[in-house]
Amino acid sequence: MNYNELPDCVITDEVSVIEIMRKASQVLEKHNLDDQAKELCYRVIMCDDKYIAREIISEYVNIVDESTEVLTI
């Protein structure tokens, strides 16, 4: 998948990394990217730093603040 083609994942800043991981995984599954969703979850769970975990998530989806308008499927 090309970086410019990453699906958007709308979140708020107050949610935990686990919640972001869950939402990102759901977005990937909606786009029929089940293997990437599993890989994402594994990598985040194995990570012990929330900032690095968020960077990992951003490799799979565009993390978009909920105040930003995006088209949803």
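Among contacts in the protein chain (heavy atoms within 4.5 Å) between residues at least 6 apart in sequence, 56% join residues at least 24 apart. The structure is a predicted model, in which local features need pLDDT of at least 70 and side-chain atom pairs count only at pLDDT 80 or more, while totals for chains, interfaces and linings use all residues. Residues are numbered from 1 along each chain as its sequence is written, and side-chain values use heavy atoms, with hydrogens and water left out.

**Overall make-up**

- The protein chain holds three helices and two strands, where helices (H or I, at least four residues) and strands (E, at least two) are DSSP runs numbered from the N terminus.
- Read from the N terminus on, the elements follow the order β-α-α-α-β.
- Of the 73 residues of the chain, 32% count as buried, where buried means under 20% relative accessible area, exposed over 50%, and partly exposed in between, with a 1.4 Å probe and protein chains only.
- The accessible surface of the chain comes to about 5200 Å², and 48% of this belongs to carbon and sulfur atoms; such areas come from the Shrake-Rupley method with a 1.4 Å probe, and for residues only the protein chains shown count as cover.

**Packing of α1 against α3**

- Helix α1 (residues 17–30) packs with helix α3 (residues 50–58) at an angle of about 10 degrees, and their axes lie 10 Å apart; the axes are lines fitted to C-alpha atoms, for helices over the stretch in contact, and angles run from 0 to 180 degrees between N-to-C directions.
- That angle makes α1 roughly parallel to α3, since angles under 35 degrees count as roughly parallel, over 145 as roughly antiparallel, 65 to 115 as roughly perpendicular and the rest as oblique.
- On the α1 side the contact is made by V17, I20, M21 and A24, and on the α3 side by K50, A53, R54 and I57.
- The residues of this contact divide into six nonpolar, no polar and two charged, where Ala, Val, Leu, Ile, Met, Phe, Trp, Tyr, Cys and Pro count as nonpolar, Asp, Glu, Lys and Arg as charged, and the others, Gly among them, as polar.

**Two further residues of α1**

- S25, placed in helix α1, is buried with a relative accessible area of 9%, and, leaving aside its neighbours within four places in sequence, S25 is in contact with A37, L40 and C41.
- K23, also found in helix α1, is partly exposed at a relative accessible area of 26%.
- Beyond its neighbours within four places in sequence, K23 is in contact with C9, V10 and I11, and the C-alpha atoms of K23 and I63, 40 residues apart along the chain, are separated by 10.0 Å.

**Cysteines**

- C9 is buried with a relative accessible area of 1%, and C41 counts as buried at 18%.
- A search of the whole structure finds zero disulfides, a disulfide being a pair of cysteine sulfur atoms within 2.5 Å.

**Loop residues**

- D13 is found in the loop between β1 (8–11) and α1, and counts as exposed at 56% relative accessibility.
- Leaving aside its neighbours within four places in sequence, D13 is in contact with R54 and D65, while D13 and E66, 53 residues apart in sequence, are 8.9 Å apart from C-alpha to C-alpha.
- N32 is in the loop between α1 and α2 (34–46), and counts as exposed at 68% relative accessibility.
- The phi of N32 is near 60 degrees, a positive value in a residue other than glycine, whereas most residues other than glycine have a negative phi.
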